[in-house]
Amino acid sequence: MFYWLLSVVRRQRIRRGWQKWSSARSGASVAEAHSVALPTQAQVVICGGGIMGTSVAYHLSKMGWKDIVLLEQGRLAAGSTRFCAGILSTARHLTIEQKMADYSNKLYHQLEQETGIQTGVQIYDRTSVLHVIVKKGQVTGVETDKGQIQCQYFVNCAGQWAYELGLSNEEPVSIPLHACEHFYLLTRPLETPLQSNTPTIVDTDGRIYIRNWQGGILSGGFEKNPKPIFTEGKNQLEIQNLQEDWDHFEPLLSSLLRRMPQLETLEIMKLVNCPETFTPDMRCIMGESPSVQGYFVLAGMNSAGLSFGGGAGKYLAEWMMHGYPSENVWELDLKRFGALQSSRTFLRHRVMEVMPLLYDLKVPRWDFQTGRQLRTSPLYDRLDAQGARWMEKHGFERPKYFVPPDKDLLALEQSKTFYKPDWFDIVESEVKCCKEAVCVIDMSSFTKFEITSTGDQALEILQYLFSNDLDVPVGHIVHTGMLNEGGGYENDCSIARLSKRSFFMISPTDQQVHCWAWLKKHMPQDSNLLLEDVTWKYTALNLIGPRAVDVLSELSYAPMTPDHFPSLFCKEMSVGYANGIRVMSMTHTGEPGFMLYIPIEYALHVYNEVMSVGQKYGIRNAGYYALRSLRIEKFFAFWGQDLNTLTTPLECGRESWVKLEKGMDFIGRDALLQQKQNGVYKRFTMFILDDHDTDLDLWPWWGEPIYRNGQYVGKTTSSAYSYTLERHVCLGFVHNFSEDTGEEQVVTTDFINRGEYEIDIAGHRFQAKAKLYPVASLVTHKRRKDDVELSDLHGK
Amino acid sequence: MPRCRGVRAWPGCRGWSRGASLLASRTPPPRAVTLLLPRGIPVRSSSLPLFSDAMPGPTQLFFPLIRNCELSRIYGTACYCHHKHLCCSSPYLPQSRLRYTSHPAYATFCRPKDNWWQYTQGRRYASTPQKFYLTPPQVNSILKANEYSFKVPEFDGKNVSSVLGFDSNQLPANAPIEDRRSAATCLQTRGMLLGVFDGHAGCACSQAVSERLFYYIAVSLLPHETLLEIENAVESGRALLPILQWHKHPNDYFSKEASKLYFNSLRTYWQELIDLNTGESTDIDVKEALINAFKRLDNDISLEAQVGDPNSFLNYLVLRVAFSGATACVAHVDGVDLHVANTGDSRAMLGVQEEDGSWSAVTLSNDHNAQNERELERLKLEHPKNEAKSVVKQDRLLGLLMPFRAFGDVKFKWSIDLQKRVIESGPDQLNDNEYTKFIPPNYYTPPYLTAEPEVTYHRLRPQDKFLVLATDGLWETMHRQDVVRIVGEYLTGMHHQQPIAVGGYKVTLGQMHGLLTERRAKMSSVFEDQNAATHLIRHAVGNNEFGAVDHERLSKMLSLPEELARMYRDDITIIVVQFNSHVVGAYQNQE
């Protein structure tokens with residue numbers, strides 16, 4: 001199918017199929033371009049003549065850009081594109097992947113009719129890109145082995161070589177991907193040759209796929225023990241000469257013959273070794289480099305290049321043309337990674353875990369086991385010794401929960417479940433402790449920036465970039481969104497005003513690269529305005545619970561009651577012997593308590609003091625699962641999970657965090673004004689499951705369909721068990737699709753409130769109550785001194 | 001026919017002091033304990049588990065029993081065939097022997113007539129069912145208890161060392177084990193040091209050599225400026241340059257108590273090296289450095305014992321080190337330059353892969369024992385003609401010691417006067433010990449023993465895939481060719497089997513599947529071990545007559561009580577060093 005795509009791009013049609021290997025290789029159909037001189041200038045240079053490069057070229061030209069040069073170091077459609085098994089699967093894990101695959105599928109059908117259209121794409125094969133020329137953080141040209149081309153945009157679609165190419169820049173662009181050998185088998189035809197409409201079969205238990213190929217079969221798979229290759233970087237030639245490794249293929253052959261014993265008599269034609277590229281999280285990589293403007297990437301397809309080719313090319317083309325794609329692609333955005341995922345050793349180890357996962361059952365809350373313990377808090381060893389179990393985000397280890405000494409959890413493999421997990425009771429006791437006493441959670445992974453200026457520059461730029469009013473008295477904390485032109489969330493953060501001219505900004509962990517790039521892009525070049533990433537400078541401890549006040553006041557000899565230290569307030573103070581601790585009265589959960597931002601050298605001291613003083617208040621460690629349960633039952637949306645670039649504050653009930661009339665313009669204001677007038681087309685809603693049996697029913701995780709009066713209206717984005725409500729809580733967006741046309745209509749409060757809802761978990765619908773505001777009983781009330789009872793004296 | 005050498009008669013003889021004193025009190029020696037086997041007579045293994053049933057208590061209790069009993073009665077009651085498999089399938093027991101006869105009386109037992117074979121022939125044994133087996137996991141946990149692997153770290157995916165890494169392991173027969181091993185990377189010069197040390201008459205000497213020898217070598221290799229820098233740092237109390245990066249198994253310990261003493265001796269050595277320096281910077285010759293280091297360390301061991309130490313513990317320690325002995329086989333690898341320094345009868349064997357993929361063994365060391373004509377010649381030349389007959393008797397040095405070169409063993413080095421003086425002024429433990437007091441027979445012109453190594457040089461080629469260093473415990477159970485083949489096939493794993501290519505032939509999926517399953521089964525025994533040395537020990541101990549590992553046999557061998565183990569095998573210590581053919585090849589291409 002990719003040949004159609006190529007042929008459209010090249011205005012020439014090549015027949016597809018394996019039988020045409022030789023013709024493709026002879027290059028007869030490719031103009032003898034290598035003898036032709038390269039143009040000196042182009043708007044876009046695309047590196048890589050595989051399916052990705054050609055798809056980007058096709059979409060760009062279709063959307064109206066005509067000045068495009070596509071360079072290929074070997075032949076067009078060589079590499080994985082040529083050798084791939086040619087399976088297009090539209091059953092994907094992520095919604096965005098699903099959309100890309102659906103689009104690709106339609107596109108490939110449509111392309112058959114489209115051939116012969118003028119595209120304006122010039123293709124040069126046997127031309128290698130040496131490096132990309134960057135001036136002042138902006139792409140200006142490309143250096144090839146055949147000369148230089150000036151350009152505004154460069155697209156790295158170099159597949160397995162994208163990593164090397166990214167590093168070849170003076171300002172390296174890190175594109176974390178790594179190749180593994182991949183084998184599949186070709187046989188001679190069956191006695192009665194298979195029909196071309198024979199369905200493709202995927203046997204995930206056997207880790208294999210099987211499809212018809214010229215009356216015989218083509219069968220490959222994703223083995224448990226992959227062979228990473230080209231770790232040191234290799235040239236194009238080697239991919240042609242890869243060895244067949246029958247012994248390595250043996251387990252896959254065994255499972256093929258176990259599934260289809262009749263195939264025993266089939267005669268072997270050959271075993272093809274076709275390396276595939278994998279990424280650290282099994283999702284492809286697209287988007288613009290955070291450090292070099294005009295440098296775009298589309299690579300790392302995890303064996304699904306053909307499925308994604310069409311859709312991914314379209315989104316990238318939109319991204320280049322409009323500055324953003326038409327869908328939320330954060331899950332695939334290059335900026336979800338930083339330089340820290342770019343170590344060869346890390347990639348080599350991680351892809352060995354990723355590739356087998358392709359055919360493994362993917363359970364919720366699964367953590368990668370390889371490439372861990374890269375970034376840790378100074379308290380890591382202390383927490384680990386106390387039973388912490390860890391998860392990783394952006395390379396940072398975060399505690400999930402703490403296994404008490406007397407409790408055993410299941411082994412890793414046995415703990416995989418879609419039902420009630422083994423940590424249920426552990427998290428319950430942590431949540432209870434947060435509600436009744438005090439817990440401490442190490443939240444050091446959060447991204448922390450400081451913005452300072454000599455004059456009012458910091459305030460001005462922040463007022464322009466953020467929707468809430470940041471001109472607040474010193475010491476106040478503001479929850480605010482960093483919005484794009486469409487009013488959607490680029491980031492959701494808390495900003496504390498440290499002084500008139502300096503601000504402290506706390507964002508989700510995986511915002512480190514994205515938020516930095518966004519701020520840099522919009523901040524004026526002004527030496528009086530300083531942006532600093534201080535993530536590594538502070539250890540963050542979250543003291544959650546009614547007793548946090550007591551612990552902190554005992555440690556600081558300062559009154560911490562709400563009268564002296566109101567909510568959403570920030571103050572530098574001493575805790576124990578340590579001075580200069582930033583104490584903030586917020587907990588990211590809606591529970592009472594404090595965040596302590598501690599310069600790392602004091603981290604251990606403060607932690608030890610907190611734990612020892614906290615003992616008499618029943619303090620204990622807690623992890624992110626407890627935090628998650630607390631925030632979800634309080635209807636707190638989280639960026640990256642619930643919020644994305646296409647959701648606006650008005651759609652999730654955060655009008656109060658947007659100050660449309662703060663006296664100056666900010667990014668996204670126009671869109672919000674318009675939305676305020678027109679109404680929203682989706683609404684963030686909380687659902688409380690009614691008839692769900694926590695012990696016996698499958699749990700909701702995220703992505704479950706929401707039904708209103710029997711009609712599909714959207715999907716959940718996150719969910720958690722609320723130990724307080726003793727019910728599952730799901731968060732998600734409700735749409736209003738017109739019954740006749742399917743068109744999206746305005747969603748009103750009334751529309752939400754006047755529906756009967758069901759959440760579909762794996763085919764079973766559960767009744768749910770919809771809420772637009774947190775449950776009243778959960779809103780914290782002050783604890784009264786005479787409420788104390790005997791059980792409060794127990795250690796939690 | 002295997003070489004049948006002295007079989008250890010008294011399992012209780014583990015340390016030199018206890019074993020020797022035990023014997024000294026035994027007169028006349030009962031014939032039952034003269035297990036020494038005549039050369040060349042195969043011994044049925046069935047006879048050997050003799051004591052296994054009668055071994056409920058400590059050996060010391062057992063021997064008086066033998067002494068007082070009539071032999072036939074013991075056989076009649078205690079000898080069951082508990083090792084049915086060994087009886088049936090093994091044509092002879094794995095030869096084992098005591099390398100160091102502990103008492104002159106012992107040597108006199110060694111008459112070929114007195115052999116176990118004769119005693120056992122007339123005996124009928126009742127066959128009782130096997131009751132005690134080790135399961136495969138238990139076998140593995142025993143075999144893997146001492147295994148250690150080291151991979152030379154890769155830097156950014158590029159490995160610049162000619163050594164990929166090494167696997168090492170040891171299996172005790174003595175309790176405690178008398179073998180030692182060491183591995184370290186030189187930090188101030190290039191290269192890696194690896195060595196195996198086989199102790200006798202206790203483990204004190206092999207322990208000391210394993211801790212100290214590499215420092216002596218490293219210091220010998222250091223350029224003058226570095227020595228000066230280190231000396232100045234010591235003098236001024238600054239931090240010292242580290243010299244060695246050790247790669248140690250947790251069981252490989254260093255003696256804390258002697259550390260200061262050892263350091264002072266080493267420092268004296270480098271101070272002398274500094275003083276000797278003529279000022280012109282000459283290239284340091286590795287061969288010379290190795291020889292100097294060996295000799296110097298042995299000299300220091302001897303001196304420390306003569307001088308003594310005010311601390312009574314240390315004083316006893318240095319004496320034990322000096323009066324026990326150890327052989328050493330050390331490899332120094334730096335790029336393509338491989339030096340092997342050998343003293344004694346451990347061995348270094350190079351695994352070479354021929355063009356057709358087969359393996360051949362290249363010996364890089366010579367055994368210093370009676371089987372080596374040149375050693376016999378050397379000994380005879382070093383002593384007066386009238387000693388020609390006594391200097392080597394029954395293939396032993398002065399009729400006592402099997403290796404002809406060794407560290408320590410001052411009984412074969414010091415004059416009679418010196419020995420007496422040191423013993424008299426030494427601690428009581430020493431004085432009470434019959435063995436130390438005993439002077440070897442025909443002891444006229446000491447020294448009879450040297451620690452000077454024989455150094456061989458080999459320039460690595462791409463076909464040189466690995467080096468096996470092992471104590472004689474391995475070499476006496478396995479032929480060198482088998483050793484190299486087993487390691488070679490292990491290290492190359494699948495790759496050794498010619499990769500299958502279909503090209504042109506008519507092969508069905510079923511046929512291919514059958515072929516692959518067969519190949520995998522062949523390999524599965526290899527996959528049981530993650531360590532080449534462990535794999536080798538598995539074969540050394542568990543091989544049946546067809547050269548395949550037999551679990552039942554392995555299980556029996558490993559379940560022998562520690563007192564008996566020594567009869568079947570010696571301590572085995574193995575280091576397998578793997579070379580990086582790419583790096584070696586690159587060196588070659590540079591020229």
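In chain B, helix α9(B) meets helix α10(B) through His224(B), Leu227(B), Leu228(B), Ile230(B), Glu231(B), Val234(B) and Glu235(B), which face Phe263(B), Arg267(B), Trp270(B), Gln271(B), Leu273(B) and Ile274(B) of α10(B); contact here means heavy atoms within 4.5 Å. The residues of this contact divide into eight nonpolar, two polar and three charged, where Ala, Val, Leu, Ile, Met, Phe, Trp, Tyr, Cys and Pro count as nonpolar, Asp, Glu, Lys and Arg as charged, and the others, Gly among them, as polar.

The model is predicted, so local features need pLDDT of at least 70 and side-chain atom pairs count only at pLDDT 80 or more, whereas totals for chains, interfaces and linings use all residues. Residues are numbered from 1 along each chain as its sequence is written, chains are lettered from A and ligands numbered from 1 in the order in which they are written, and side-chain values use heavy atoms, with hydrogens and water left out.

Two packed helices are described by the angle between their axes and the distance between the axes. Helix α9(B) spans residues 224–236 and α10(B) residues 259–276; their axes come within 10 Å and cross at roughly 130°. Helices (H or I, at least four residues) and strands (E, at least two) are DSSP runs, numbered from the N terminus. Axes are lines fitted to C-alpha atoms, for helices over the stretch in contact, and angles run from 0 to 180 degrees between N-to-C directions. α9(B) and α10(B) are therefore oblique to each other: angles under 35 degrees count as roughly parallel, over 145 as roughly antiparallel, 65 to 115 as roughly perpendicular and the rest as oblique. The crossing of α9(B) past α10(B) is left-handed, a term for a near helix turned anticlockwise from the far one by less than a right angle, while clockwise gives right-handed.

Helix α10(B) also packs against α8(B), residues 204–221, at an angle of about 20° with the axes 10 Å apart. These two helices are therefore roughly parallel, and their crossing is right-handed. On the α8(B) side the contact is made by Ala208(B), Glu211(B), Arg212(B), Tyr215(B), Tyr216(B), Val219(B) and Ser220(B), and on the α10(B) side by Tyr262(B), Ser265(B), Leu266(B), Tyr269(B), Trp270(B) and Leu273(B). By class, this contact has nine nonpolar, two polar and two charged residues.

Another helix pair in chain B is α7(B), residues 136–144, with α20(B), residues 532–542, which pack at about 120° with axes 10 Å apart. α7(B) and α20(B) are therefore oblique, and α7(B) passes α20(B) in a right-handed crossing. Val139(B), Asn140(B), Leu143(B) and Lys144(B) of α7(B) meet Thr534(B), Ile537(B) and Arg538(B) of α20(B). The residues of that contact comprise three nonpolar, two polar and two charged.

A search of the whole structure finds 11 cavities of 30 Å³ or more. On a 1 Å grid over the protein atoms alone, a cavity is a set of points where a 1.4 Å probe fits but cannot get out, and lining residues have an atom within 4 Å of a point. Grid points are joined across faces, edges and corners, and a volume is the space filled by probe spheres set on the points. The largest cavity has a volume of about 240 Å³. Of the 16 residues that line it, the closest to its centre are Asp492(A), Ser494(A), His588(A), Ala637(A) and Phe638(A). Strands β23 (489–499) and β24 (502–507) of chain A each supply at least two lining residues, and β23(A) gives the most, with three. The lining divides into nine nonpolar, four polar and three charged residues.

Most residues other than glycine have a negative phi, and most peptide bonds are trans. The bond from Ala175(B) to Pro176(B) is cis, with omega near 0°; Pro176(B) lies in the loop between β2 (163–171) and β3 (179–186) of chain B. The bond from Pro446(B) to Pro447(B) is also cis, with omega near 0°. Lys136(A) has a positive phi of about 50° although it is not a glycine.

How values were computed. 1 Å grid on protein atoms, 1.4 Å probe; cavity = no way out; pocket = protein on both sides within 12 Å on 5 of 7 lines; lining within 4 Å.
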